[in-house]
Amino acid sequence: MNVLLIALLALPLLGAAATLAPAGVFGADREAQDRLALRFNAVVTGLVLALAVALAAGFDRSRPSRMQGVTDVAWIPALKVRFHLGVDGISLPLVVLTALLTFLCALYSTRKLPNGEGTPSARAFTGLFLLLEVGMLATFLVLDLLLFFLAFEIVLIPMYFLIARWGSGARTASANRFILYTLLGSAVMLLGFLLIGLKAGTFDMTALAAAHGHGLSHTTQVLAALAIGLGLMVKAPAWPLHSWLPDAHTSAPTVGSVLLAGVLLKMGTYGLVRVLLPVVPDGAHTLAPYLGALAAVGIVYGSLACLALARPGRRGDLKRLIAFSSVGHMGFVLLGIASLTPVGVNGALFANIAHGLVTGLLFFVVGALKDRYGTAELDTLAGETGAALYGRAPRLGALLAFAAVASLGLPGLAGFWGEVLAMFGAFDPAAGLSRPAFVTYMALAGLGTLLTAAYLLVVVRRVCMGDPAQPAVAEVAELRPYEAVSWTPLAALTLLAGLWPALLLGLSDPAVKHLLAGG
């Protein structure tokens, strides 16, 4: 198991390094280099996915609260930093989700490399893509605070260049805003990590979780929780720290949007569960009511913003709309975490996975629509009578409608369980938290679910329905084979998670209870 964990990080890292090899390794001419580099990307990410599946198959499901596949060796003795890896029932689903989404994006890119500035190199794209995968996987596997910070930072540069070089529209400004917001949040988070490490005498996350705040004063815990929480909430993103997200999604290429929504946002909420709750429990308890309030406001705000973008005449961009929807959906994750209860935290972790699957599928489909129509602007897509995807490209329309109803939380699909459990957690929060306040947050979250249904149904009506006999903005090609191969796993897993929630909850529940109890 520990060999698998090391290989999960080493394989894409070596793959990224291989892209720096002399050009002749990938062919004699530019076209051959690009073709082989993209295939190389798919092969490496496919092997990483196979390793993640092997890790899941070998995981001891009878003891999901125990760290498995542990590697723990000294790395920087002077700073007491250790190369410490491990996986439990909380991190395993996120590792598999990350490996799956990166492979599907790599597979999709073999046929649809994003257009970029000038003549972008597929070798550069592959190197950045594999380096991004290293950072994402490492974030969910490392068990040292400084290593966590390092992994957290590794993803920023590749994503910056994916947006700035392979994006569209105001891509440079969007990439600059993304990097500035996230770097500032990371700097504040690092201060919290250093405060904990200096006061506790260790950066080991398992040792700190086992101490459960022992040896850290209340003031230290509150200050550390505030610094760490702010840094992680920028990445989550929580309202009002979300303003970098819509621009980044609107400008990012399709695969960049899929990974940004499907994985990078989860790094922030995962950090709250892995670090904040067990390491500084008193600080987390003090800040929980404020986190719950921000989550509730974010749910309603994100839904209202989407509803405004979906209205005719507002020239709303579909990618921007989905980005704002992520603010609302991640609000449910933050609300579940703020409840400090096993039910709420389990709901947050389930919603993390569901959002990655559903929003990944949505960005894939909307990216395909943008490629076909040349725009993602809803008014242009719908025209006066509706885009009529059901009549022009029924499979593409069906996938968009399926992803939309999964996103609005239809029972039987993945989006339902996380939201319901998060609201249950808010209905009966942990001891010491104000129940009236959290019941109010729950009511606002319930209002958010109604608003979510409203804007997504408006989108489905305008894009999928209409008169197919009316002139279209452009010819709409039906679902292509490479698109079906890339998207079908997400649709199937969305259905599986909705019908069999115990598949995820059976892993996370014992681990969450162990963590909240000072594991």
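Student: Leaving aside neighbours within four places in sequence, which residues is Ile196 in contact with?

Tutor: Contact here means heavy atoms within 4.5 Å. With neighbours within four places in sequence left aside, Ile196 is in contact with Leu145, Gly201, Thr202, Leu208, Leu216, Ala224, Ile228, Val279 and Val280. Bear in mind that this is a predicted model, in which local features need pLDDT of at least 70 and side-chain atom pairs count only at pLDDT 80 or more, whereas totals for chains, interfaces and linings use all residues. Residues are numbered from 1 along each chain as its sequence is written, and side-chain values use heavy atoms, with hydrogens and water left out.

Student: Which residues touch the most other members of the largest nonpolar core?

Tutor: A nonpolar core is a set of buried Ala, Val, Leu, Ile, Met, Phe, Trp, Tyr and Cys residues joined through side-chain atoms within 4.5 Å, where buried means under 20% relative accessible area, exposed over 50%, and partly exposed in between, with a 1.4 Å probe and protein chains only. In this model the largest such core has 170 residues, and Phe148, Phe178, Ile196, Leu259, Leu264 and Trp487 touch the most other members. The largest share of this core, 18 residues, comes from H14.

Student: How are H11 and H14 oriented relative to each other?

Tutor: Helices (H or I, at least four residues) and strands (E, at least two) are DSSP runs numbered from the N terminus; axes are lines fitted to C-alpha atoms, for helices over the stretch in contact, and angles run from 0 to 180 degrees between N-to-C directions. Angles under 35 degrees count as roughly parallel, over 145 as roughly antiparallel, 65 to 115 as roughly perpendicular and the rest as oblique. The axes of H11 (residues 254-279) and H14 (residues 342-373) come within 7 Å and cross at roughly 170°, and the two helices are therefore roughly antiparallel to each other. Among the residues that meet are Leu265 and Tyr270 in H11, and Phe363 and Gly367 in H14.

Student: Where is Thr341, and is it buried or exposed?

Tutor: Thr341 lies in the loop between helix H13 (318-338) and H14, and with a relative accessible area of 9% Thr341 is buried. Not counting residues up to four places away in sequence, Thr341 touches Gly425, Asp428, Pro429, Ala430 and Leu516.

Student: In what sense do strands E1 and E2 pair?

Tutor: Two strands pair if DSSP finds at least two bridges between them. Strand E1 (residues 68-76) and E2 pair in the antiparallel sense over six bridges; in E2, Leu85 is the bridge partner of Thr71, and Val81 is that of Ile76. Their hairpin has four residues between the strands, and Lys80 takes a positive phi near 60° there.

Student: How many residues of E2 are buried?

Tutor: Strand E2 (residues 81-87) is mostly covered, with five of its seven residues buried. Val87 is found in E2 and is buried, with a relative accessible area of 0%. Not counting residues up to four places away in sequence, Val87 touches several residues, including Leu5, Phe59, Arg66 and Leu141.
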